[in-house]
Amino acid sequence: MQDEKISLLENKFSHGRAIDEQLNFLKEQLAENRSISTFLEESKKGSTEGIISVGRGVFMKANLESEKFFINVGAGIFLKKSLKETDKIVEEQISQLMDLTYRLNQEVQKNNSEMQKLIEEIERK
């Protein structure tokens with residue numbers, strides 16, 4: 001019985017580490033999308049220059065020459081979108097990422113609570 005609890009605790013610990021990795025990835029995605037959102041907001045105000053993310057923590061200075069953006073919809077397919085449409089897509093992505101982050105944080109709390117309960121049970125015996 002004790003071995004089963006220890007095994008379960010190890011599984012919960014591994015699960016917690018996997019969630020942490022997902023949360024770190026989501027933080028990166030949120031930062032990137034917020035950077036894009038800021039650039040788009042400045043573009044709406046007439047600014048044609050800004051710093052944008054090119055991925056993996058790399059940024060570049062960019063000049064807006066057109067108000068058309070290419071959105072990757074998967075499988076190497078890109079759609080041309082206006083500034084307004086692109087801004088809406090980016091804001092929806094930010095909202096989805098924040099929702100997923102919230103749900104993963106809830107899962108972390110649940111997992112930690114279950115781990116604490118298992119530790120207490122193991123220590124009692």
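In which helix does histidine 15 lie? Histidine 15 belongs to helix α1, in a predicted model where local features need pLDDT of at least 70, side-chain atom pairs count only at pLDDT 80 or more, and totals for chains, interfaces and linings use all residues. Residues are numbered from 1 along each chain as its sequence is written, and side-chain values use heavy atoms, with hydrogens and water left out. Helices (H or I, at least four residues) and strands (E, at least two) are DSSP runs, numbered from the N terminus.

**Helix α1 and its end**

- Helix α1 spans residues 2-44, a total of 43 residues.
- From first C-alpha to last, α1 reaches 62 Å, close to the expected 63 Å; the expected span is 1.5 Å times one less than the number of residues.

**Histidine 15**

- Histidine 15 is partly exposed at 34% relative accessibility (buried means under 20% relative accessible area, exposed over 50%, partly exposed in between, with a 1.4 Å probe and protein chains only).
- Leaving aside residues up to four places away in sequence, histidine 15 touches Glu107 and Asn111; contact means heavy atoms within 4.5 Å.
- Histidine 15 and glutamate 114 are 99 residues apart in sequence, while their C-alpha atoms are 12 Å apart in space.

**Nonpolar core**

- The largest nonpolar core has 15 residues, of which Ile19, Leu23, Leu40, Phe69 and Leu104 touch the most other members. Such a core is a set of buried Ala, Val, Leu, Ile, Met, Phe, Trp, Tyr and Cys residues joined through side-chain atoms within 4.5 Å.
- The elements giving two or more residues to this core are α1 and α2 (83-124).
- Leucine 104 touches Ile19, Gln22, Leu23 and Leu26, with residues up to four places away in sequence not counted.

**Salt bridges**

- The count comes to eight salt bridges, each defined as a side-chain nitrogen of Lys or Arg within 4 Å of a carboxyl oxygen of Asp or Glu.
- Glutamate 121 and lysine 5 form one of them, at 3.3 Å from N to O. Glutamate 121 is in helix α2 and lysine 5 in helix α1, so this pair ties together parts 116 residues apart in sequence.
- Lysine 5 counts as buried, at 12% relative accessibility.
- Aspartate 87 and lysine 44 meet in a salt bridge of 2.5 Å, N to O. This pair links distant parts of the chain, with aspartate 87 in helix α2 and lysine 44 in helix α1, 43 residues apart.
- Aspartate 87 is buried at 7% relative accessibility, whereas lysine 44 is partly exposed at 44%.
- Arginine 103 forms a salt bridge with aspartate 99, their closest N and O atoms being 3.2 Å apart. Because the two are four residues apart in helix α2, about one helical turn separates them.
- Arginine 103 is partly exposed at 47% relative accessible area, and aspartate 99 is partly exposed at 38%.
- Lys12, Lys110 and Glu114 are linked in a network of salt bridges.

**Loop between β3 and β4**

- Alanine 75 is found in the loop between β3 (68-74) and β4 (77-82).
- Alanine 75 has a positive phi of about 55 degrees although it is not a glycine. Most residues other than glycine have a negative phi.
- Alanine 75 counts as exposed, at 81% relative accessibility.

**Strand β1**

- Valine 54 lies in strand β1 (residues 49-55).
- Valine 54 is partly exposed, with a relative accessible area of 48%.
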